Amino acid sequence: MITKVLKTIEAYQMLSPDSAVVAGVSGGADSMALLHVLQSWRKDWPELKVTAAHVNHCLRGAEADRDEEHVRRYCQREGIPLEVLKIDVREEAAKRKLGLEACGRAVRYEFFRRLAGENGVIATAHTLSDLAETVLLHLTRGTGLKGLCGIPPVRENIVRPLIDCSRREIEDYCREHKIPYVTDSTNLEARYSRNKVRLQVLPALKEINPAFEEAVGRMAQSLREDDGCLCEEARELLGRAALEKDGWSCSVLSRGRKPVRIRAIRLLQGASRPEARHLEEIDRIILAGQGGVSVPGGLDFHANRGVLRTVPHKKRKIPQ
């Protein structure tokens, strides 16, 4: 498995010998294996700085505290610096008006980014199995090319060194190296969508093709390359459409093909996370050269007299 992880790191240029890495560690097999791999490389890369980061979401009572204590003991034994955030995610979700899963993810990555700073790297323990599950979940909801790409190996300063390794390989690695890990009991409950895919759908698909996860990995890699080409076209389109003073020419944007226009909109989204319907509405005002769309969480898009502009959410009245 180590050879496979090294190839992944080299292929995507995830780390360098002097990287400062914040590793997200839940205490499960995947994250414990990731921490062990990173720490073992410090023998060859003595300048590599590894800090473990654990978030106790306070959602599973004594089991969540058990996980935190497990990570604390392991890091203390191995001499690995550890940062812990304990936060009541249920209470935080109510404040932010978010679902538990979305809030938990937001809290984790805010914590990781704070620890990593401007120059650090965040390493998460997403695996090939996670990628396959994500692709299948996207399929059930209806998805485009981006959704079929699954989990990217690298996004900004976030890297996934285990993305080419299956969960079985990682559990075998933990047994071989006697790495202790804990199991989240909720992972065994089929009432959750992802767990249903993991426990029922993937095993059925593996009966058809035992290498199903690897096949999904190859598909995702191929589609990421295709999507990369379309995104490059989108960047070029935005460059041609950019106006000297402010905004982008709707007539120039309109000459791009729709898949390219949609990606151009995504490149402009900033902190916003437009849903498919928002993207369609923004594309409509580009074609019309007039109108406005309010996107929750970040930017408003408006077109007036053939010029598309973005403004901070709620700071300007959007013409309808």
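## Briefing

Aspartate 88 caps the N-terminal end of α4, with a side-chain oxygen 3.2 Å from the backbone nitrogen of arginine 90. Please keep in mind that this is a predicted model. A search of the whole structure turns up 26 salt bridges and three aromatic pairs, and the largest nonpolar core has 32 residues.

- Helix α4 covers residues 89-96, and its buried residues are Val89, Glu92 and Ala93.
- Looking down the axis of α4, you will find these buried residues within an arc of 105°, so they line one face of the helix.
- That buried set packs against α5.
- Just after α4 comes lysine 97, which takes a positive phi of about 60°.

**Aromatic pairs**

- A pair of aromatic rings is described by how far apart the centres are and by the angle of the planes.
- Tyrosine 109 and phenylalanine 112 both sit in helix α5 (residues 100-116), three residues apart, which is about one turn of the helix.
- Tyrosine 109 is buried, at a relative accessible area of 5%, and phenylalanine 112 is buried with a relative accessible area of 5%.
- Ring pairs bring Phe111 into the picture too, linking Tyr109, Phe111 and Phe112 into a cluster.
- The whole-structure search gives three aromatic pairs. One of them joins tryptophan 41 and tryptophan 45, a tilted pair with 6.0 Å from centre to centre and 45° between the planes.
- Tryptophan 41 is buried, with a relative accessible area of 8%, whereas tryptophan 45 counts as partly exposed at 21% relative accessibility.
- For tyrosine 109 and phenylalanine 112, the ring centres are 5.8 Å apart and the planes stand at 75°, so this pair is edge-to-face.

**Nonpolar cores**

- In soluble globular proteins, nonpolar side chains tend to be buried together.
- Within the largest nonpolar core, of 32 residues, those with the most contacts are Val5, Leu15, Val25, Leu35, Leu38 and Trp41.
- Elements that each supply at least two residues of this core include α1 (2-12), β1 (20-24), β2 (49-56) and α3 (62-78).
- Which helix gives the most to this core? That is α2, with eight residues.
- Tryptophan 41 is in contact with Ile2, Val5, Leu6, Ile9, Leu15 and Leu48, leaving aside neighbours within four places in sequence.

**Isoleucine 158**

- Isoleucine 158 belongs to strand β6 (residues 158-159).
- Is isoleucine 158 buried or exposed? At 0% relative accessibility, isoleucine 158 counts as buried.
- Not counting residues up to four places away in sequence, isoleucine 158 touches Tyr109, Arg113, Ile122, Thr124 and Pro153.
- Proline 203 is 45 residues from isoleucine 158 along the chain, and their C-alpha atoms are separated by 30 Å.

**Salt bridges**

- Glutamate 133 and arginine 198 form a salt bridge, and their closest N and O atoms are 3.0 Å apart.
- Glutamate 133 lies in helix α6 (residues 128-141) and arginine 198 in helix α9 (residues 193-208), so the pair ties together parts that are 65 residues apart in sequence.
- Glutamate 133 is buried, with a relative accessible area of 0%.
- Arginine 263 and aspartate 227 also meet through their side chains, in a salt bridge of 2.7 Å from N to O.
- This pair links distant parts of the chain, with arginine 263 in helix α12 (residues 258-267) and aspartate 227 in helix α10 (residues 212-241), 36 residues apart.
- Arginine 263 and aspartate 227 are both buried.
- Arginine 235 forms a salt bridge with glutamate 232, where the closest N and O atoms are 3.2 Å apart.
- Arginine 235 and glutamate 232 are three residues apart in helix α10, so about one helical turn separates them.
- Arginine 235 is partly exposed, at a relative accessible area of 42%, and glutamate 232 is partly exposed at 38%.
- Salt bridges that share partners join Asp30, Asp130, Glu133, Arg167, Arg194 and Arg198 into one network.

Note on methods:
Residues are numbered from 1 along each chain as its sequence is written. This is a predicted model: local features need pLDDT of at least 70, side-chain atom pairs count only at pLDDT 80 or more; totals for chains, interfaces and linings use all residues. Side-chain values use heavy atoms; hydrogens and water are left out. Rings of Phe, Tyr and Trp (its six-membered ring) pair if their centres lie within 6.5 Å; planes under 30 degrees apart count as stacked, over 60 as edge-to-face and the rest as tilted. Buried means under 20% relative accessible area, exposed over 50%, partly exposed in between (1.4 Å probe, protein chains only). Helices (H or I, at least four residues) and strands (E, at least two) are DSSP runs, numbered from the N terminus. The arc is that of the directions from the helix axis to the C-beta atoms. Contact means heavy atoms within 4.5 Å. A polar contact is a pair of N or O atoms within 3.5 Å; within protein, one must be able to donate a hydrogen and the other to accept it, and residues adjacent in sequence count only if both atoms are side-chain atoms. A nonpolar core is a set of buried Ala, Val, Leu, Ile, Met, Phe, Trp, Tyr and Cys residues joined through side-chain atoms within 4.5 Å. A salt bridge is a side-chain nitrogen of Lys or Arg within 4 Å of a carboxyl oxygen of Asp or Glu.
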